[in-house]
Each structure stands twice: as structure tokens, then as C-alpha cells.
Amino acid sequence: MRGGVNLVSLLSDEDRRRGVITASTGNHGQSIAFASRIFGVRAIVCVPERANPVKLASIRGLGAEIVEHGRDFDEAREHCATLAAEHGYRYVHSGDEPHLIAGVGTETLEILEREPRLDALIVPVGGGSGAAGACIVADALRPDLEVIGVQSDAAPAAYRSWKEGRLVEDEMHTAAEGLATRVGFELPQRILRERLEDFVLVSEEEIRSATLHMLERTRNLIEAAGAAPLAAALKLRGRLAGKRVALVASGGNVTLDQLRSLLAPG
């Protein structure tokens, strides 16, 4: 909710009257819906068809309207931009929003307040706002802190955009909704190129294994994108040995069907 609350709280009166529209696979949409309810703003969230029903129920419960469109997040995002232009809504991009990134960055601020001697922070990357916020806070308070991004190798657009220094479009086949983007976003990528220490790709099986590990060992309900940082930490265990490492567990909105599939024998 951090990014949405900061952004909506800072909207002009005119933008609040227009209402806001955004695209999401679910978690960002909940953030905008939650913030819009607080500040009395109409909110519309565009989601892909067959989006996570747990996240959709939460968005509706928070008072936002839902528009289902397209086979994936990026098709929903493109439709969202079209609706914003047609109806005059304030379009809230899920990555290219300074106030959104600043709001999400407060998570890293609280992590460092709790553990000021942290050596490394691993953050999942979809659009990149979370990792960008972490980089800004680390740069201001702890320039020696390693901020490491992680994405699925089944949806590597943000990773490739960072690696190649340009915005790249790539395939998107990951089951981790929060990592499921086909393109890199300009503002987060600009920040990540300046400050991100490393970016790791993990496989779908590594994410699945990390999700099971977190369920069993931490007793926290976790969705795939939220378990990706653990998958990265396990992949980097030699390099991280002996260091204080924080993992951003960015979502617990897993469905019962996803849990059944995850826990099925074999």
C-alpha cells in the first residue's frame, strides 16, 4: 500500500476529481484501491483476463472498479492507457511514477532502521518500482549496501533492460504474477542502472522450491514473486555467506488452487 498511499495523497484536486486508473496483476492495484478509498478518489484497475481471484476480490473489496482485458499484464496496461486518454482519468503508471517509487522506498527505510548493519538487500523486480525505491534509500543512507534485484528467467525483460542499458521487450511465461512484465520501464531502469549492485535470474523451479521452503520454514503465506528473493539468495549463497541479508517478501496473495498445485506430490 506504500506506493499508492504516497502517490494518491499528493495528487492535485483536479486529478482527484478526474479519478485514477492503473494496470496491475493485483498487488499494485490493491495499493491504488486502498489509497483511493482513504482519499475519496474513484479508482479503476485494469487487470489481465484470468487474473488472480484473491487479488481481484481484495481490489473490489477496497472499492475500486475492475476492467479485465488482455492475456497478460502488458496488454492490460496498454488498454489502461487507452481508457485514460479516452475518459480523462489520471493514469497511474505502475513504474514510471516518482511518488510511487518514493512511497515503496519507505519499506527499505524501515528495514535499515530495524537492521542498520545490513550487508545486502534482495528485491523482486517486475516493473522495478520496489527495487528502484530500495536503491534510492540505500544511496542516501547506506551507499555500501548491496541492493540485488531478482526476476524469473521466464520473464527477463527488466533484467535484460538493466543488463543492456536500454529498454527491452522479451517473453513472459512466469507463473509469478508480480514478476510478469514483458517490457522494462524507463524511470525504474534509469535508477537501477545507476545504483543496483546486481541482478539475478532464477528459474521457475527455483522459485517454486523457495516458495515451499518459506511455507515450511517461516510459516508465512507467500506468493511466488515474494519468494523469488529467497531463490536468489540460495543461488548466491557462496557470495552471501557470513553476511546480513534481508529479503523483501512482497506478497502473500496465493490462491488455494496455486497452493494445491504447489503442494501436489511430484
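**Stop one: an arginine in a strand**

Start by selecting arginine 90, which sits in strand 4. Keep in mind that you're looking at a predicted model. Is arginine 90 buried or exposed? Arginine 90 counts as buried, because its relative accessible area is 18% and the cut-off for buried is under 20%. Now show what surrounds it: leaving out residues up to four places away in sequence, arginine 90 touches Leu11, Asp15, Arg18, Gly19, Val20, Ile21 and Glu97.

Next, zoom in on strand 2 (residues 43-47) and strand 3, which run parallel and are joined by four bridges. Click isoleucine 44, and across from it in strand 3 you'll find glutamate 65.

**Stop three: a pair of cysteines**

Search the whole structure and you'll find zero disulfides. Cysteine 80 is also buried, with a relative accessible area of 0%. Cysteine 135 is another buried one, at 1% relative accessibility.

**Stop four: helices 6 and 9**

Now pick helix 6 (98-114). Its 17 residues should span 24 Å at 1.5 Å a residue, and the end C-alpha atoms are 25 Å apart, which agrees. Colour its buried residues, including Leu100, Ile101, Val104 and Leu112. These buried residues of helix 6 pack against helix 1 (2-9), helix 3 (27-39), strand 5, helix 7 and helix 9.

Move on to helix 9 (residues 186-195), where Leu187, Pro188, Gln189, Ile191, Leu192 and Arg195 are buried. Among the elements covering them are helix 6, helix 7 (129-141), strand 6 and helix 8 (157-164).

**Stop five: strands 6 and 7**

Select strand 7 and check how covered it is: four of its five residues are buried. Strand 6 runs parallel to strand 7, and five bridges join the two. For one of the pairings, click isoleucine 148, whose bridge partner in strand 7 is aspartate 198.

A bit of background first: in soluble globular proteins, nonpolar side chains tend to be buried together. Here, the largest nonpolar core has 25 residues, and Ile122, Val202 and Leu240 touch the most other members. Strand 5 (120-124), strand 6 (146-152), strand 7 (198-202), helix 10 (204-218), helix 11 (224-235) and helix 13 (256-263) each give two or more residues to this core. Which helix gives the most? That's helix 11, with seven residues.

Click leucine 240 to see who's around: apart from neighbours within four places in sequence, leucine 240 is in contact with Ala120, Ile122, Ile148, Ala233 and Val245. To finish, look for a second, separate core of 24 residues, with Ala132, Leu145, Val147 and Phe199 among them.

Methods: Residues are numbered from 1 along each chain as its sequence is written. This is a predicted model: local features need pLDDT of at least 70, side-chain atom pairs count only at pLDDT 80 or more; totals for chains, interfaces and linings use all residues. Side-chain values use heavy atoms; hydrogens and water are left out. A nonpolar core is a set of buried Ala, Val, Leu, Ile, Met, Phe, Trp, Tyr and Cys residues joined through side-chain atoms within 4.5 Å. Buried means under 20% relative accessible area, exposed over 50%, partly exposed in between (1.4 Å probe, protein chains only). Contact means heavy atoms within 4.5 Å. A disulfide is a pair of cysteine sulfur atoms within 2.5 Å. Two strands pair if DSSP finds at least two bridges between them. The expected span of a helix is 1.5 Å times one less than its number of residues.
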